[in-house]
Amino acid sequence: MSYEHIITEIRGPVGLIKFNRPKALNALCESLIKELDHALNGYEDNNAIGAIVITGSKEAFAAGADIKEMYDKTYMDVYLSNFITEGWERVSTCRKPVVAAVAGYALGGGCEIAMMCDIILADETAKFGQPEITIGAIPGAGGTQRLVRTIGKAKAMEMCLTGRMMDAEEAEYAGLVSRIVPADQLLDDAIKTAKKIASMSRPISMMAKEAVNRAYETTLSEGLLFERRAFHSLFATDDQKEGMKAFVEKRKPKFTNC
């Protein structure tokens, strides 16, 4: 499939997706979301891919949903079509780890897509925000929920009620961003990080991702039980045997992803 609004590339074990609507600061139109969904499905089905990187341009990761596509819709239009649902949550349901490389604006839907990723790397120009309130709306793709779980109620409430943007330094301090990377190294660092993840056992990295995400979905006791059972299940894998044997033998493990 040829894409109009995204660019895809495979770099070894890493699948790269780059938003490509420069004139619209990578605003997330319906066709872009469909292309993103298709690309992610392809990377998930490709056994050679161990991790995924999503990025935008120097000016914007994504400056939000495309307002031109929604400003004249009615309640029945959005309700019956389940607007901002199909395809929008695909990043969050990826089993393979996803790294966001954010430069410039990550606003509205762009911030929400970034938060669906497992790791956010940002350069010094990155700005995160949920400015929907300034145009008579509220976040619709998880902004009020994921932001609270990530940076806490106080900052999330301020951002959602005032539209204030958070710069990279504050985002890292608040826990939204994993690391700040120099602008000229951002994509390379994101690819390097994804390759590091992809060098691990694929099924075990998926289990680690599931266990960490479970912490947001359940109580501590249930989360601990989930983690323990996942840990126990690893002893049925060849990669657990290889990894621990390699450690004992003081050599690098050779994972076979099974």
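Arg251 forms a salt bridge with Glu249, their closest N and O atoms lying 2.7 Å apart, where a salt bridge is a side-chain nitrogen of Lys or Arg within 4 Å of a carboxyl oxygen of Asp or Glu. Arg251 counts as partly exposed at 33% relative accessibility, and Glu249 is likewise partly exposed, with a relative accessible area of 42%; here buried means under 20% relative accessible area, exposed over 50%, and partly exposed in between, with a 1.4 Å probe and protein chains only. This is a predicted model, in which local features need pLDDT of at least 70 and side-chain atom pairs count only at pLDDT 80 or more, while totals for chains, interfaces and linings use all residues. Residues are numbered from 1 along each chain as its sequence is written, and side-chain values use heavy atoms, with hydrogens and water left out.

A second pair joins Glu170 to Arg164, with 2.9 Å between the closest N and O atoms. Glu170 is buried, at a relative accessible area of 18%, whereas Arg164 is partly exposed at 26%. Both residues belong to a network of salt bridges that also links Lys155 and Glu158.

Another salt bridge connects Glu30 with Lys34, the closest N and O atoms being 3.5 Å apart. Both residues lie in helix H1, which covers residues 30-45, and they are four residues apart, about one turn of the helix. Glu30 is partly exposed, with a relative accessible area of 46%, and Lys34 is exposed, with 54%.

In total the structure holds 13 salt bridges. The protein chain carries 32 positive and 35 negative side chains, and the centres of these two sets lie 7 Å apart; Lys and Arg count as positive and Asp and Glu as negative, without His or the chain ends, and each charge is placed at NZ of Lys, CZ of Arg, CG of Asp or CD of Glu.

Turning to the fold, the protein chain has ten helices and ten strands, these being DSSP runs of H or I with at least four residues for helices and of E with at least two for strands, numbered from the N terminus. Of the 258 residues in the protein chain, buried ones make up 42%. Among contacts between residues at least 6 apart in sequence, 67% join residues at least 24 apart, a contact meaning heavy atoms within 4.5 Å.
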